[in-house]
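Please read them with the sequence and the structure side by side.

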Amino acid sequence: LRTTLAKTRGAVALGNEIQRVRSIFRWAHEEGLLEQPVRFGTSFKKPSAKVVRLERAKAGPRDLQASEILMLYKAANAPMKAMILLGANCGLGNNDVAMLTESHLDLKNGWMTFPRPKTGVARRAKLWRETIEAIKAAQKVRPAPNNPADENFVFLTKMGNPWSKETAGNNPVSLMFKRLLQDQGFHRPGVGFYSLRRTFETVAGDTLDQPTIDLVMGHTPHANDMSARYRQRISDERIAGVCEHVRKWLFAKKAITASQQKPR
C-alpha cells in the first residue's frame, strides 16, 4: 500500500495518507471493533523529516511574486479575484474561502473575523479596500443557492453549490486556481492556491510582529509557548499594520506589465 501511495504523492502527502490509515485502525481497536492492535511493520511509516526537507528544497520556493499575483488577479473572473485577494490579504486557504460566510465579514468597517474551520483557532484581519471591492463585485454575480442552508456563503459555484468538498485532491477552488496558473504560465510543482497563504506569511514576516501574524493566519500556539498563554489580546492597530505592510508590497509593483514578466 505504501509503495502504491508513493507513486502519486510527495513526501508530505504520503505521510498524511499513512497517518490516516494508521488512525483508522487505531480508532477501530479503541472502539472494540478489533481485538488486537494492528501491526504495521517497520516500513509502513511516514517519510522522515529529512526526506520532507530534501523534497521541499528540490521543489524550490512555493510562494508567489507580487507581479504573479497581480497577473493572476487580472486574468481571473469576479469570484476568483475576490478569493485571490482574500488569500493575499488574510492568508486564507482554499477551504477557508469556500467556507467563508457573510457573518465573518464587516465590509463597512473593513474587517474579517473568521475562526479557522480546520482548528477553530481565532483569526482576524483588516480587509484592504481592493479586497472589499472584489468581494462586492463577486456578490453581484453570485448565483442563488440550490439549498437555502447555503444562503450565507460568500461564494457559490455557477450551479449554486458550496465550493467546499470533502474529497481530497478535488477541491474546486484549487482546481480553478491551478487552471489559472497554467493559463498564465506560472504553474510549477508545489504551487497552488495555498501559495497565497505562504506568501502572506513570508511577506508579513518582515514586520517582525509574529504574534500578530499568527493571529491573522490562525496558527495554533505551541504547547510550550507561555507568551501565547498570557497574551490576552492584540490591538486592531497591529493587525491593520501587518495587513497594510503586505498590501504595500503587493501593489508597489502594480505598474509592471505582462510583457515584462517571465515565469520563474
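1. Of the 264 residues in the protein chain, 39% are buried, where buried means under 20% relative accessible area, exposed over 50% and partly exposed in between, with a 1.4 Å probe and protein chains only. The protein chain exposes about 15,400 Å², of which carbon and sulfur atoms supply 53%; these areas come from the Shrake-Rupley method with a 1.4 Å probe, and for residues only the protein chains shown count as cover.

2. Please keep in mind that this is a predicted model, in which local features need pLDDT of at least 70 and side-chain atom pairs count only at pLDDT 80 or more, while totals for chains, interfaces and linings use all residues. Residues are numbered from 1 along each chain as its sequence is written, and side-chain values use heavy atoms, with hydrogens and water left out.

3. Along the principal axes, the C-alpha atoms fill a box of roughly 60 × 45 × 45 Å.

4. The secondary structure comprises 12 helices and three strands, counted as DSSP runs (H or I of at least four residues for helices, E of at least two for strands) and numbered from the N terminus. Among contacts between residues at least 6 apart in sequence, 64% join residues at least 24 apart, a contact being heavy atoms within 4.5 Å.

5. How many of the 13 residues of α5 are buried? The count is 11, so that this helix is mostly covered, and the buried residues include Pro-79, Met-80, Asn-89 and Cys-90. The end C-alpha atoms of α5 (residues 78–90) are 18 Å apart, which agrees with the 18 Å that its 13 residues should span at 1.5 Å a residue, the expected span being 1.5 Å times one less than the number of residues.

6. Most residues other than glycine have a negative phi. Leu-208 lies in the loop between α9 (194–204) and α10 (210–217), and it is exposed, with a relative accessible area of 76%.

7. Thr-4, in helix α1 (residues 2–6), is also exposed, with a relative accessible area of 51%.
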